[in-house]
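Subject: Structure handover and what was found in it

Dear colleague,

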Amino acid sequence: MKFLDQAKIWVKAGDGGHGCVAFRREKFIEFGGPWGGDGGKGGDVIVEAVANLNTLIDYRYAQHFKAERGEDGKGREMTGRSGADLVLKVPVGTEILADDRETLLADLTAPGQRVTLCRGGAGGFGNTHYKSSTNRAPRRADPGEKGEERWVWLRLKLIADAGLIGLPNAGKSTFLAAVSAAKPKIADYPFTTLHPQLGVVRLGDDAEFVLADIPGLIEGAHEGAGLGDRFLGHLERCRVLLHLVDGTLESPSRAYRTVRAEVAAYGGGLAGKPEIVALNKIDAVEPRALAARQRALAKAAGRPVLLVSGATGQGVDAVLRALWSVIAEAKAAA
C-alpha cells in the first residue's frame, strides 16, 4: 500500500428537505385545514479515527464527498426522512486543517474519536406549521436550508513513543529492523527510506513502545533539499528522539550539528524534545578512532554518547533501555 500522509478534500453536508403545502380533503370533513409536513434534516459530514488504517491513500483519487439530502415533507403531516450522515474514516493521529493549512480544526488522537466537519441543513417547515386562528389555510412552506461545505486538509502524524533521526545512511533502518519486527528497505546507498516506518519494540513482558523511522535529513532539508523536512511532522508526537550518528564518518560531530540545525529550523517543538545520542556502526571502526569520535561527539552534543551497532546488536539493549526510561517517565507524568 502506498503511504500518503497529506490530502485535500471537499466535503458538503446534505441540504434540508423542502416543506410541503397540502390540505386535508376527506369525505365528511368540511374544513380539513393545512396538512403539509416538514422537510427532513440533511446528513452531517463526520470524520472518525480508526485503528486499522495507517495511510490517507483512500483520499488520493476521491476528493469530493457529499452527505445525503433530507427528504421533502409530504401530505398527512408526514415529515421527510433525514439524510444519512457521511462518515469518513482516517488513521489515528490525523489532523484536520482549514483550507489555509494553518488553522487546526481537529486532532484525532484516539480510536473512535469523531468530529463533525459540516452540519446538514435543517428541513423547511410545511404549511401546517403556519396555521393559526387568523390564518386557517396557509399556503406557505419553506425550502430546506443549505448544508455546510468546505475544503479541508488532512495531515497524518504517526503516533510513536520514540523517533529516529540522523543523516541518510546512518543505519536507522538497520536499527529499526534489529529491534522490532518491521522490515524496512536496507541498502548501502542514501535515501533507501522514502516514507516513515513504524516498529513495536518489546523489552521484557511489561515494557513496550513504538519506534518511528523517517527518511534521513541533509543540510538544507528545511528548504526542500533531499526529501525535505515534511516527514519531521511524524515525530512531533514522540516523547523522545534517538539521534543516530554514523561512526564511520571522519567528523561525527559535524553530522550531528547538521541534523540538529535542520530540526531547529523546522520548529514544531522538536528541538526541545529529550534526545539520546548514539554512535552507530561501531563494529566498522577501530577502537582508538572510535574513542576519539565518541569524545568529540559528546562535546558537540553536550551529553553522553552511547555506542551501538545495529548490524551486530552490540549496545542495542542499552539504547533501548535509555529510550524506555524517558518514555516511562513521560507517561507517568502524563
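Predicted model: local features only at pLDDT ≥ 70, side-chain atom pairs only at ≥ 80, totals over all residues.

Residues are numbered from 1 along each chain as its sequence is written, and side-chain values use heavy atoms, with hydrogens and water left out.

The sheet

Strands of a sheet pair through backbone hydrogen bonds, either parallel or antiparallel. Here five strands form an open sheet with mixed pairing, in the order β3-β1-β8-β5-β6, where strands (E, at least two residues) are DSSP runs numbered from the N terminus, and two of them pair if DSSP finds at least two bridges between them. The edge strands, each pairing on one side only, are β3 and β6 (104-108). Strand β1 (residues 6-12) runs parallel to β3, to which three bridges join it, and W10 has H64 in β3 as its bridge partner. Seven bridges join β1 to strand β8 (residues 149-156) in an antiparallel arrangement, with K12 partnered by E149. Strand β5 (residues 94-98) is also antiparallel to β8, through five bridges, and there E95 stands opposite R155.

The nonpolar cores

A nonpolar core is a set of buried Ala, Val, Leu, Ile, Met, Phe, Trp, Tyr and Cys residues joined through side-chain atoms within 4.5 Å, where buried means under 20% relative accessible area, exposed over 50% and partly exposed in between (1.4 Å probe, protein chains only). The largest such core has 40 residues, of which I9, V11, V47, Y59, L88, I96 and L235 touch the most other members. Apart from this core lies another, of 21 residues, among them L176, V201, V240 and V316. Leaving aside neighbours within four places in sequence, I96 is in contact (heavy atoms within 4.5 Å) with residues including V47, L104, V115 and V152.

A residue in a loop

K74 is found in the loop between β3 (64-66) and β4 (86-91). Is K74 buried, exposed or partly exposed? With a relative accessible area of 35%, K74 is partly exposed. Not counting residues up to four places away in sequence, K74 touches C20, W35, G36 and G37.

With best wishes

Definitions and conventions: Helix = DSSP H or I, 4+ residues; strand = E, 2+ residues; numbered from the N terminus.
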